[in-house]
Amino acid sequence: MKKLSKVVALALATTFLFTACGSKTGEKKKEEKKVGVQDQLVIENEGTPVKDATLKIAYISDSPFTGIFHQAFASGNPDMEILTYSTNGAFAVDENYKLINGGGANIEFLPKERKAIVTIHEKYTWNDGTPVTSADFLEYYKILADKDYTGVRFDDDMQNLEGIVEYHDGKAKEISGFKTISDKKFELTFKVFNPSILWGGGIPPEPVPSHKLKDIPVKKQEEHDITRKNPLSPGPYYIKEVVPGQQVVFEANPHYYKGAPKVKTVVWKIVPSAQIVAALQSGEYDLTVGLNSDLYSKVKELKNVKIGVKDELSYTYIGFKLGKWDKEKEEVVTDPNAKMADVKLRQAMAYAIDNDAVGEKFYQGLRRNATQLMIPEFKEFYDESLKGYTCDMEKAKKLLDEAGYKDTNGDGIREDKNGKPFKIKFASMSGGAIAEPIAQYYIQQWKQIGLDVELTTGRLIEFNSFYEKVKADDPEIDIYQAAWGTGSNPNPTGLYGRKAQFNYPRFATPELDKILDKINSFEAVDKDYRSKAYKEFANYMFENVPVVPTLFRKGIVAVNNRVKKWDTTPGKNFGLFDVELTKDAPVK
């Protein structure tokens, strides 16, 4: 019975989407109103704050957390989320996520001199009472550049600091680009001052406690108690207690430079997705992190919570495999004879899908058509005039005809340019009830324009196995569906540059190189030049379509009615420090 229901649901979903794609009436309606769920950045509730109440946060996950609470080694969620919520960032950011003054440290940029000067707040202090000093930022660099460091953060941005590569290679005993002016002030000198620096590229996001770490070998730090059990924090909270993989208890940092947080204790707990709706309804939690979009309709019906909605710093996309990664040269090598090399083939596949309909039907309006590779949150770089690929089946068919993919035997499926059978292997990840229907929708849409597309391995692929295959340029993958979290730095070089391992489509051209060079140039420190360069990138990638950005994503947070205010507005820098509770326990 369950199997039959799944098949029926899939059939209904794809029928709906076929109709939406071809309906002129539907298109007209979409033009008259904004698509999808709209932002709700600020949640406010009435009530007088109470003292000594405990804030309870649910992190929705069906897997335990790793528990690496070290700024240099933590690489995945929820470890990074836990660190972010407790330490709150050394630097404040503006509405475009660019570093500004007003945090635990202020920063002055001197582009012409290739420098940045950081001044640490006099009261910025670790929870053990030790002042945060320049040595704590220097220690971060030294850990990353250590020969035994195995993390992922010693990247091009970090290697742009003058002298750090020489330190890493053992040719220098100190990092020449880091100059200590005083305990509370230091100067950074970069090889090239590029605009990524304005967003924190090459700058430690947090200090690390040098007075604890300097005597611990780097190769032992990831498993040390200072990382796993009792990490220090200069933020509003420190980690007081860890139940491995399941729960973390935050306690207010008595030495926090802004004073005492309004809530003294925070309990952060892993909650399975199948349990979160009932847990919210019974008043077990105040806030959620990672709330699944497929639970939106159930959670919004609850009377004891409100839902915050905000564009995520991420997008979903379909990538075309166009080459290989050359391990010796450490760069992308694009193959002009790759199966998906014809740009008209890629454009046709992009025009065959209706992503607004996917967002409405499968994601309850929390996803919408992604028009470009610059997300709307990066307002300075988002090109409003670029409308992206929208469903146009006739245009898709015409492009395939022009490219020479024609049905030579009348079976409804196109052969390749030489009249031979043409099959496309599509890799998509397993996970959640809607993963299979969405993959099948894409496959059926492509069949409507005459393309024979089938799942790689014949089924959806488990997350870790999927990325192993994509990274390895598995020959059984011609196209794939994935997602990128952009982070707060809009620079796309790390995802689409010739030297970027994350350039999974393996697409590189001299023209793209030049555009990325503009983005990373000194001239791009100028706002107008920078904006123009980013928009040139978005348009070039739209025209050449090595990937099809499919969905812009909205994140949701459930906020219990006893939380007086929750604000996710970019640039407000609102955090747990600002939270007030109006009752002793979450409202049921």
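**Close-up views of the predicted model**

**View A. Val-165 lies in helix H6.** The structure shown here and in the views that follow is a predicted model. When residues up to four places away in sequence are not counted, Val-165 touches Gln-159 and Lys-191. Lys-214 is 49 residues from Val-165 along the chain, and 20 Å separate the C-alpha atoms of these two residues.

**View B. A salt bridge joins the side chains of Glu-162 and Arg-114.** The distance from N to O in this pair is 3.0 Å. Glu-162 sits in the loop between helix H5 (156-159) and helix H6 (164-168), whereas Arg-114 sits in the loop between strand S5 (105-110) and strand S6 (115-120). Side chains of opposite charge can pair when their charged atoms come close. In the protein, the count of salt bridges comes to 28.

**View C. Asn-544 belongs to helix H19, which covers residues 527-544.** With neighbours within four places in sequence left aside, Asn-544 is in contact with Val-343, Arg-346 and Phe-507.

**View D. The domain assignment divides the protein into domain 1, domain 2 and domain 3.** Domain 1 is made of three segments, 37-62, 236-304 and 561-587. Domain 2 takes in 70-78 and 87-222, and domain 3 runs over 313-553. The centres of domain 1 and domain 2, taken over C-alpha atoms, are separated by 29 Å. To the contact, domain 1 contributes 14 residues and domain 2 contributes 20 residues.

**View E. The interface of domain 1 and domain 2 buries about 1,300 Å².** Carbon and sulfur atoms give 57% of this area. On the side of domain 1, His-255, Tyr-257 and Asn-573 supply 44% of the area buried against domain 2, more than any other three residues. Zero salt bridges are found across this interface. Between the two domains, four residue pairs are in polar contact. The side of domain 1 that touches domain 2 comprises nine nonpolar and five polar residues, with no charged residues.

**View F. The protein as a whole contains 19 helices and 21 strands.** Its radius of gyration is 25 Å, close to the 25 Å given by the globule rule for 588 residues, so the protein is as compact as a globular protein of that length. Taken along the principal axes, the C-alpha atoms fill a box of roughly 80 × 60 × 40 Å.

Notes:
Residues numbered from 1 in each chain as written. Predicted model: local features only at pLDDT ≥ 70, side-chain atom pairs only at ≥ 80, totals over all residues. Heavy atoms only, no water. Domains from an automatic or database assignment. Contact = heavy atoms within 4.5 Å. Buried area = accessible area lost by both parts, 1.4 Å probe. Salt bridge = Lys/Arg side-chain N within 4 Å of Asp/Glu carboxyl O. Polar contact = N/O pair within 3.5 Å; in protein donor to acceptor, adjacent residues only side chain to side chain. Nonpolar A, V, L, I, M, F, W, Y, C, P; charged D, E, K, R; others polar. Helix = DSSP H or I, 4+ residues; strand = E, 2+ residues; numbered from the N terminus. Rg over C-alpha atoms; globule rule 2.2 N^0.38 Å.
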